[in-house]
Amino acid sequence: MNFDLFDKISSKYKDYKLEKIKSGASKRTFYRLIKGSNSLICLDSSNEKKEYNNFLMVHSYLSKVNVSIPNVYENDDVNNILILEDFGNLRFDRILRNYPLKKLLEYAVRTLIILKNDIYYNNSNDLSAYNYNAFKSEISEFLDFYYPYVHNKEISKNLTEEFYGCWQSYFDSINFNFINFVHKDFNINNLVYLPLRKDHLKCGLLDFQGAFWGECCWDLFSLLEDSRIYFDDQFNDYFIKFYYKSTNQNIDINDFKEKYYMLNCARQTRLLGRWVKLSKELNQSFYLGFIETTKKRLVKGIGKTNRKNLKLIYNKLIPGLL
């Protein structure tokens, strides 16, 4: 039992049972406070003050639109501790075999439609805006961690330049519009099924403190191309078209799809490096188990882009991938 935590939180919770919740790579610590049938979440961000502030800031955006996010019952700005509504244990990734996949995805996509249509861009600097520097920093994780892991050597200067040159020319060829609210980690492990709510509100959102202004397709491919678990993608085309038709798009659907597949390929590229990085930093080998799914998502995405130079560079980086 964490008596230090009980010294920090309100005395009204002293007689609650405290259970620690696994929190993955986060430096934040999660606990479930339980008393009889009452259950709450205690989020201790004492080691991540920035994450604490970001959570509350993004929560203020999301609380103004019709989506399901945990209520904040108490916030301690001195100790960076939050007492939150408990959404329960029905995370999407844990219930895929128990509920119709298409229905779960529909709740999530309808939530994304709300986020796209009802949150408007402002340049107040509350949220950062995506750009090429952020893009390059992300795909660099592939070179820094995955390539040395697979080849047992550092990547050559020529291959590095070819990699960045290929991606920069691709990035520069697309007319991006980084003015849409992006959750960033709209993966099925951050979505919770809330069966007692109606329609899209059955999809509860977690872990949104990393939100930024970016392309509206980002959260859609985070959902449909989830890198942690390979589920049937037979509904992907349906939901891409459904999302496109239900949002205020001012581009052709083929241009929308190009952004979707291009950014998704870059994300899968980054994640190959991220899994290796986390496995080393946290000494948790299970992250390496996500590599095969990520490679499958990447292979499909590269095929969709129809970019010959992208295929050529990845055949050099990962022989036999394509």
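Trainee: What does the lining of the second largest pocket have by class?
Mentor: It has nine nonpolar, seven polar and three charged residues. Ala, Val, Leu, Ile, Met, Phe, Trp, Tyr, Cys and Pro count as nonpolar, Asp, Glu, Lys and Arg as charged, and the others, Gly among them, as polar. This is a predicted model, where local features need pLDDT of at least 70, side-chain atom pairs count only at pLDDT 80 or more, and totals for chains, interfaces and linings use all residues. Residues are numbered from 1 along each chain as its sequence is written, and side-chain values use heavy atoms, with hydrogens and water left out.

Trainee: Which residues lie nearest the centre of that pocket?
Mentor: Lys116, Asn177, Ile179, Asn180 and Asn248, out of 19 lining residues. A pocket is an open set of points on a 1 Å grid over the protein atoms alone, where a 1.4 Å probe fits, with protein on both sides within 12 Å along at least five of seven lines; lining residues have an atom within 4 Å of a point.

Trainee: And how many cavities of 30 Å³ or more are there?
Mentor: The count is one. In a cavity the probe fits but cannot get out. Lys116 and Asn180 are among the residues lining the largest cavity, whose lining divides into eight nonpolar, one polar and three charged residues.

Trainee: New topic: in which sense do β4 and β5 pair?
Mentor: Antiparallel, over four bridges; two strands pair if DSSP finds at least two bridges between them. Strands are DSSP runs (E, at least two residues), numbered from the N terminus.

Trainee: What is the bridge partner of glutamate 74?
Mentor: Isoleucine 83, in β5.

Methods:
Grid points are joined across faces, edges and corners, and a volume is the space filled by probe spheres set on the points.
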